[in-house]
Amino acid sequence: MIPAPERFSKLVAAGENIMLTGAGGTGKTHLIREIVSRDPASFSVTASTGIAALNLGGLTIHRWSGMMLGPGEGESDEDCMAKLVRDSRRGVRAGFDRIRSCRTLIIDEVSMLAGRTLDFLDHLARTLRRDDRPFGGMQVIVTGDFMQLPTISRASNGDHDWAFQSRSWQDAGFHVVELTKVHRQDDPAFIQALAEVRTGRISRATAALLQPRVARFPDANLTRLLTHNAMVDKWNACRLESIESEPRVFNADLSGSEAQCQFLAQNLLTPSILVLKRHANVMFTVNAPDGSFVNGQTGTVVDLSGGSVVVESAGRLIRVEPFKWQFDPRDPRSATFVQLPLRLAYAITIHKSQGLTLDSALIDVRAAREPGQAYVALSRVRTLPGLHLKDWFRGVFVSRAAANFHANSK
C-alpha cells in the first residue's frame with residue numbers, strides 16, 4: 001500500500017480534488033506546508049477561520065474569494081452573486097481576480113466551513129471562470145478533521161451544516177487521504193485513549209488511564225484550556241495580579257486598512273495590548289525564524305528592560321524581539337501587526353489552542369457542548385503525565401454524522 005503522504009503528493013500532481021484528514025498531531029499542516037513550499041505560486045492558501053489562515057500564512061476563504069459574509073439566510077446563490085457584482089469594494093474585486101487565476105485552492109480546517117459556504121464558492125467559481133466543472137475547474141484541496149471543532153452554522157435538521165453533506169462536495173469527488181501516524185504523542189496507551197475520546201467510545205481501559213489525571217490541587221501556573229473567552233480573560237488577569245512586580249504594557253503597532261488591522265487584532269494569538277510582569281508565565285505565539293522557540297512553547301519572563309523581553313524557557317534565556325505579521329504575506333501593501341510574539345500562558349480557549357502542541361495543560365471541558373471540543377483540548381498535550389483534568393467529563397460530544405463520514409471514507 002502506498003504511504004498516505006506519497007499518495008497525497010501523487011494526487012496533488014495529478015490535479016485531483018483531495019481531502020487530507022487525520023487525527024490531531026498526524027502532521028496535516030506540516031504536509032500542506034511541504035507541498036506548498038515546492039511551488040508556492042501554484043497554490044492559493046486559505047482556511048475556514050482567521051486563526052487557521054494566519055497560522056498557514058493565508059487568508060480566510062471568505063476574504064480570498066471576495067464573497068465577504070457570503071449568502072444571507074434564505075438568499076440564493078444568484079442573488080448574492082448579483083449583490084457582489086454591484087459591490088465596488090476593492091476586496092471583492094481582488095477576490096474575484098484570485099478566483100479567475102487560481103490553479104490550486106487549499107482550504108484548511110474544513111470541519112469549520114459551512115456546507116452553504118462551500119456551495120456558494122462553487123457557484124462563484126463556475127460563474128467567474130465561465131467553466132461549469134466543479135469549482136470552475138480549480139483543483140481544490142481541503143484539510144481537517146470533522147471529528148474536531150465544527151462549523152457554527154446549522155442545517156435545517158438542526159445538525160451542523162457540514163461541508164461533506166453539501167452538493168458541491170459530492171460534485172467535486174474528493175479523494176480522502178487519511179494520515180494515521182500520530183507525531184505529537186508517542187505513548188501507545190495515550191494515543192489509543194485519545195483515539196477513543198475522538199470517537200466518543202471510551203473503554204474501561206481508557207477510563208482507568210485518564211481518571212487518575214483529574215487534578216485535586218492543580219498547579220496555578222499550569223496552562224488552562226477553557227471553553228469561553230470570559231473565563232480565559234478572568235484567569236489570566238487573576239494570575240497576573242497575584243505577581244508582586246510592576247506591570248509593563250506593550251502596544252502593538254498596526255498599520256494598514258482598518259478592516260485588515262481589525263482582522264489581525266481579533267485572530268492572532270498575540271494580543272494587541274500585552275501586559276507583562278517579571279515572573280509571569282508566557283507562551284510563544286510563532287515559530288522563531290532562528291529556531292530558538294516554537295509556537296505554544298511556554299516560559300517565564302525574567303527581564304523587561306529595554307524594548308525587548310527576556311524569557312527563560314527550557315533552561316535557556318531567550319531575548320524576544322517584536323515580530324511582524326502581515327494580513328496577506330503575498331501583498332506587501334496589506335496591513336501589518338507588530339508586537340512581541342507572546343501571550344500570557346495561564347489560560348487559552350480550546351478554539352484558539354487548535355494547532356498548538358503543549359507540554360502540559362489543565363483541561364476544563366465541563367462547559368464543552370460542541371462535538372470534538374473535548375478531543376481537541378486533550379489532544380494538544382504531548383504526554384500523559386502532562387495532562388491534568390479539572391474534573392472527569394460527564395460525556396464526550398461527537399457528531400454521529402461526522403463519525404459516519406469518516407467511517408465510510410476509509
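**Salt bridges and overall build**

Asp-132 and Arg-126 pair up through their side chains in a salt bridge, at 3.4 Å from N to O (that term means a side-chain nitrogen of Lys or Arg within 4 Å of a carboxyl oxygen of Asp or Glu). This is a predicted model, so local features need pLDDT of at least 70 and side-chain atom pairs count only at pLDDT 80 or more, while totals for chains, interfaces and linings use all residues. Residues are numbered from 1 along each chain as its sequence is written, and side-chain values use heavy atoms, with hydrogens and water left out.

**Around Asp-132 and Arg-126**

- Asp-132 is exposed at 65% relative accessibility, whereas Arg-126 is buried at 18%; buried means under 20% relative accessible area, exposed over 50%, and partly exposed in between, with a 1.4 Å probe and protein chains only.
- Both residues belong to a salt-bridge network that also takes in Asp-119, Asp-122, Arg-167 and Asp-171.

**Other salt bridges**

- The structure has 18 salt bridges.
- One of them joins the side chains of Asp-39 and Arg-103, 3.9 Å from N to O.
- That pair ties together distant parts of the chain, 64 residues apart: Asp-39 sits in the loop between helix H2 (28-38) and strand E2 (43-47), and Arg-103 in the loop between helix H6 (90-101) and strand E4 (104-108).
- Helices (H or I, at least four residues) and strands (E, at least two) are DSSP runs, numbered from the N terminus.
- Asp-39 is partly exposed at 32% relative accessibility, while Arg-103 is exposed at 56%.
- Glu-75 and Lys-83 form another salt bridge, with their closest N and O atoms 3.4 Å apart.
- Lys-83 comes out as partly exposed, with a relative accessible area of 38%.

**The whole chain**

- The protein chain has 15 helices and 20 strands.
- Its radius of gyration is 22 Å, close to the 22 Å that the globule rule gives for 410 residues, so the chain is as compact as a globular protein of that length; the radius is taken over C-alpha atoms, and the rule is 2.2 Å times the number of residues to the power 0.38.
- Along the principal axes, the C-alpha atoms of the chain fill a box of roughly 65 × 55 × 40 Å.
- Buried residues account for 55% of the 410 in the chain.
- Take the contacts (heavy atoms within 4.5 Å) between residues at least 6 apart in sequence: 73% of these join residues at least 24 apart.
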